[in-house]
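Morning, everyone. Please have a look at the structure on the screen, and I will walk you through it.

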Amino acid sequence: APRCLAKSVAPLVGAALSRHRGALGIAGVLLAQAPAIVDAVSSPVVVDGVETVLYLDDSGSMTWQPHRLKAGRRVLRRLG
């Protein structure tokens with residue numbers, strides 16, 4: 001629910017801040033605190049199990065640094 005509220009209120013707040021520059025500084029302070037506020041009012045995340053995630057790197061860095069490619073292959077072998 002906090003996310004839906006933020007999406008509906010954001011345009012109104014943005015319009016108000018564009019007209020009142022002094023409020024912009026206050027809004028910055030409030031926005032800096034937003035993650036902590038959301039954490040405080042949100043329910044805890046329940047973890048039901050453990051999941052393995054494998055990120056694939058397509059930047060080419062694995063080929064020009066062969067030791068990374070070898071290390072990646074070792075990890076894949078251990079997972080299989």
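I will start with the ground rules, then go from the overall fold to single residues.

This is a predicted model: local features need pLDDT of at least 70, side-chain atom pairs count only at pLDDT 80 or more, and totals for chains, interfaces and linings use all residues. Residues are numbered from 1 along each chain as its sequence is written, and side-chain values use heavy atoms, with hydrogens and water left out.

First, the fold. The protein has 4 helices and 0 strands. Along the sequence, the pattern reads α-α-α-α. Helices here are DSSP runs of H or I with at least four residues, strands are runs of E with at least two, and both are numbered from the N terminus.

Next, the overall shape. What is the radius of gyration of the protein? The value is 23 Å, whereas a compact globule of 80 residues would be near 12 Å. That radius is taken over C-alpha atoms, and the globule rule is 2.2 Å times the number of residues to the power 0.38. The C-alpha atoms fill a box of roughly 60 × 35 × 20 Å along the principal axes.

Now the surface. Accessible surface comes to about 7400 Å², and 64% of that belongs to carbon and sulfur atoms. The method is Shrake-Rupley with a 1.4 Å probe; for residues, only the protein chains shown count as cover. Buried residues make up 5% of the 80. Buried means under 20% relative accessible area, exposed means over 50%, and partly exposed is in between, again with a 1.4 Å probe and protein chains only.

On to charge. There are 10 positive and 5 negative side chains, and the centres of the two sets lie 8 Å apart. Lys and Arg count as positive, Asp and Glu as negative; His and the chain ends are not counted. Each charge is placed at NZ of Lys, CZ of Arg, CG of Asp or CD of Glu.

Lys70, Arg73, Arg74, Arg77 and Arg78 gather in a patch of positive charge. Leu54, Leu56, Val75, Leu76 and Leu79 make a nonpolar patch of about 510 Å². Patch residues have over 30% relative accessible area and no salt bridge; like charges are joined within 9 Å, and nonpolar side chains (Val, Leu, Ile, Met, Phe, Trp, Tyr) within 5 Å. A salt bridge is a side-chain nitrogen of Lys or Arg within 4 Å of a carboxyl oxygen of Asp or Glu.

Finally, single residues. Arginine 74 lies in helix α4, residues 66-79. Its relative accessibility is 41%, so arginine 74 counts as partly exposed. Valine 75 is in helix α4 too. Its C-alpha atom is 9.8 Å from that of leucine 54, 21 residues away along the chain.
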